[in-house]
Every structure is written in structure tokens, then in C-alpha cells.
Amino acid sequence: MIQDIEPHVYRNEYMPIPPKPDSYVLYYKGANTLLHRTEEGIEFPRFRDLEPMNPKIYEDYTYLFSIDQEPYYLIEQIPKEQIPSGFMMEHKEVFRELDPQYKAFAGITGYQLYRWYRSNHFCGKCGAVMRKDEKERMMYCDKCRNMVYPKLSPAVIVGITDGNRLLMSQYAGREFKKYALIAGFAEIGESLEDTVRREVMEEVGLHVKNIRYYKSQPWSFTDSLLMGFYCDLDGDDRITLEEDELSLAKWIEREDIPTKPSRASLTNEMIMRFKNGLE
């Protein structure tokens, strides 16, 4: 999965150390990221690449994290005329497939933090301008003392099995047209097992049993922490489709599953695990 970057080491402790000329810059605008494609894969700009055009770049930055002890920083403003030669803005979806994988992981993780900082410029409690805390990753309101930490939404991915069959679905109203599994966000006061039961009933009208946890995945594309579960069909296998959520849901025999391996998602790993007879 995209976060599996070993032997590279990701450290997310908040350490607001000043950047050096060779420190990485992550810059986003909307859903796009500044990067450069080389024969070795993607590359992000470093402070030294932007310094000749903007000497004040060392004064306005946000520390994000480190990989292999190399720090990455968020820069929120780069005028178009200051973009280094060879670099361009590309959509965040490229991080699903581009190499090296550890830099793709850095790019999408930085994107999640970029969106969080942008969404918390003003205090949601009193409306005052918030500031970045100096000791931890938190936005603080001096007026009402409101503290806001990065958003993380728990969600489930559900592989529903019936002997040699797996229930596969396709989302409604999305560009993503590949097969997926049933998925949904946990609600307040709800266990993850209850989330599995509710989402399955809401989206395909089925009862399930023998719910078993498989694995988790941070999914920065949607600010989520995904938790994968397998479960068995309990009773009638007739599907009642929730058309607002899904365009298709059907049972597929293990050997007929069309999905191919992909490194990015927990969903793909769970489908391939069933396809290969491991579940």
C-alpha cells in the first residue's frame, strides 16, 4: 500500500526546525502539486531552487514531517513566475502510481496537511484568526483558546464473502470506475463492527456475520483512516442497491475477479487477497 515505504523511515513528530537549502518544499494549489518528473521518478523542489527568486522563502514555511531524516516543509505562496524550470503542477491522483513510492507518500501526506491548514485559518468557535502552535501540530485561537488538531475520519472497507464469491461494487457519480468494496465512514456512538453492518445494509441490503478485522491504512486523499474487514454473508444473497451511492454491486467468483494488483490502496490489497485464495 502507498504508506509501505520501508526501508525508508517516516517520522511525523512536529519539529518546527528551520529549513536548510536542500530541504524539500511541498507546494499545493487546489488539488494540484508542484513536482518534476525525472528518469528516476518524481522530484519535489528544494529551498535552494526557489531561493534565487524569493529570498524570503526562509521566513514563511510550515514544518510537516521527515523521511529518512530529510525534512519536508509546506510553502503556501509561490507566484507563477517563480516556479523553477522543469517543474509543473500536477493533480494529486498521480501519487497513486508514480515512483519512488516514498516520495509519492510524502506528496499525498503533505496534501492532507495542506488542506487541514487551509480549512482552519479562522476559528470555528469565535471566528478569530488562528495561529500555528509552536510546540505541537495544532491551531490555536488566542481569543477563545480553542485548539484544533488535524482531522482524521475513521472509515471501513468491507470484503463480503459467500464461499467462493466476493461482493464487488462500483461507485455512482465518480470518475473512479474500477471495482471496489463496500465502504463508509463510522458515525458517532458506533463501533467499527456496527459500521460494517450498517454500511452493508444501507448500500446493498444484506446481512453479514463473522466480522473479522484485517488491516488499516492512512488514506490522505480523503483525510481518512481506513480499517479493512472481511465478513460472511448471513442469509439471503439478493442485492438491494443504494443507487445514490453505487452504480453496480454483484457477486463475482474468485477466479473471475478482473482486478489487477495495485500498490496504492487497502481495497485493492483485500480484493487481491481473496482472489489469490488467502481469505
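How many salt bridges does a search of the whole structure find? The search finds 21, a salt bridge being a side-chain nitrogen of Lys or Arg within 4 Å of a carboxyl oxygen of Asp or Glu. The structure is a predicted model, in which local features need pLDDT of at least 70, side-chain atom pairs count only at pLDDT 80 or more, and totals for chains, interfaces and linings use all residues. Residues are numbered from 1 along each chain as its sequence is written, and side-chain values use heavy atoms, with hydrogens and water left out.

Helices (H or I, at least four residues) and strands (E, at least two) are DSSP runs, numbered from the N terminus. Helix α3 covers residues 192–204 and reaches 18 Å from its first C-alpha to its last, close to the 18 Å expected (1.5 Å times one less than its number of residues). In α3, T195, V196, R198, E199, V200, E203 and V204 are buried; buried means under 20% relative accessible area, exposed over 50%, and partly exposed in between, with a 1.4 Å probe and protein chains only. These buried residues pack against several strands, including β12 (153–162) and β17 (246–253), where contact means heavy atoms within 4.5 Å. After the helix comes G205, with a positive phi near 70°.

Within α3, R197 and D194 lie three residues apart, about one turn of the helix, and form a salt bridge with the closest N and O atoms 2.9 Å apart. Both partners are partly exposed, R197 at 41% and D194 at 37% relative accessibility. Shared partners join E190, R198, E199 and E202 into one salt-bridge network. In the bridge between E190 and R198, the closest N and O atoms are 2.6 Å apart; R198 counts as buried because its relative accessibility is 19%. Elsewhere, D162 and R165 meet at 2.5 Å, N to O, with D162 partly exposed at 27% and R165 buried at 18%.

The whole structure holds 17 aromatic pairs, counted for rings of Phe, Tyr and Trp (its six-membered ring) with centres within 6.5 Å; planes under 30 degrees apart count as stacked, over 60 as edge-to-face and the rest as tilted. Y24 and Y72 are stacked, 4.7 Å centre to centre with 15° between the planes. This pair connects strand β2 (residues 24–26) with strand β7 (residues 70–74), its members being 48 residues apart, and both tyrosines are buried.
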